[in-house]
Amino acid sequence: MSRVTINDVARASDTSKKTVSRVLNNEPNVRDEVRERVLAAVAKLNYRPLTSARSLATNRSFMIGLLYDNLSPSYIMEVQAGVLEACEAKQYSMMVQPLVSTAPDFVERVESILSRHQPDGLILTPPITDHAKLLKHLRENDLPFASIAPRQPKGCIGVMLREREAAAAMVEHLVSLGHRRIAHILGDPKHGAGIWRLAGYRDGLQRAGLKENPAYMVQGQFSFESGVAAARRLLALKNRPTAIFAADDDMAVGAIWAAAEAGVSVPREMSICGFDDTTIATQVWPLLTTVHQPVRDMGKRATEELLLRVLGKGEASMVEVGYEMRMRASTAPAP
């Protein structure tokens, strides 16, 4: 079968090739009746425009790049799903590139990626979203980008969440269950999330009139392995905590694993909770109490804001999304 062309759509909708192109690119000043007729013809003929032809006509690649340096596969998979959904809605492709943001040639590697693929814009995830040298390079070269959870949102477009407030709410939940010895497995300090969630943990303790115990604050790296290692240290304490708040779900699941290894019952002897509510939170037993961060929606919203800027279809901004508490089986009253 021969490929359906834009000329076929024009004939089927009794319009011109130029009008079909304007409808496909969602341009203004097309009458609703004409737009509906063109879209009906596109659906009936199952027309799929060639990306190469669109690129030549508009000087765009119709590709968005997603850059990440994150050890949490659950988080990245959710972000990818959201970015892809927003891209497909605008007939864009998604390129995913893992990187090491601490590498000395990090910016040069990004430059090479941009040169090879020439994306119309980038989605930046933490900690890349705060890489000062890269941000300077992107701005100097006028390449649009959207940031997910930047530490300094001023002047950026993208999406963010009130993480400090959410972390404090989780500590308050543990206090309401009678816990007074509450530990925290910290997230990667290069991430804004790690800093905000530690600040929220401290806020929660302060509001409850509890003193900070340095022994209860153990560094993690937003990974399952670091959660296991941190929890082992906490479980080895003579006066061990009755509750652990991990800065993400992967570390919380690592803490549950370490507790099982040590023969400590969760939640009867120790409550454990996390942050993000990624898929792993409901794949572990006991089901994980956590803060629901709409990660997939955040990826989608960041991409929508980026495409507003890329396509010039509206005013792009930094969007704030809400959080919800997910109370499940991994927390219980203090023993």
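Student: Is glutamate 261 buried, exposed or partly exposed?
Tutor: This is a predicted model. Glutamate 261 has a relative accessible area of 46%, and because buried means under 20% and exposed over 50%, glutamate 261 counts as partly exposed.
Student: Which side chain meets glutamate 261 in a salt bridge?
Tutor: That's arginine 232, with 2.9 Å from N to O. The pair links distant parts of the chain, since glutamate 261 sits in helix H11 and arginine 232 in helix H10, 29 residues apart. Arginine 232 is partly exposed too, at 40%.
Student: OK, new topic. How many salt bridges does the structure hold?
Tutor: There are 21 salt bridges. One of them joins the side chains of glutamate 163 and arginine 197, at 2.7 Å from N to O.
Student: What does the pair of glutamate 163 and arginine 197 tie together?
Tutor: Glutamate 163 is in helix H8 and arginine 197 is in helix H9, so their bridge ties together parts 34 residues apart in sequence.
Student: And are glutamate 163 and arginine 197 buried or exposed?
Tutor: Both are buried.
Student: What about arginine 202, which side chain does that one meet?
Tutor: Arginine 202 forms a salt bridge with glutamate 212, at 3.2 Å from N to O. Arginine 202 belongs to helix H9, while glutamate 212 is in the loop between H9 and strand S7, ten residues apart. Arginine 202 is partly exposed at 35% relative accessibility, and glutamate 212 is partly exposed at 40%.
Student: Nice, thanks!

Terms used:
Residues numbered from 1 in each chain as written. Predicted model: local features only at pLDDT ≥ 70, side-chain atom pairs only at ≥ 80, totals over all residues. Heavy atoms only, no water. Salt bridge = Lys/Arg side-chain N within 4 Å of Asp/Glu carboxyl O. Helix = DSSP H or I, 4+ residues; strand = E, 2+ residues; numbered from the N terminus. Buried < 20%, exposed > 50% of the residue type's maximum accessible area, 1.4 Å probe, protein only.
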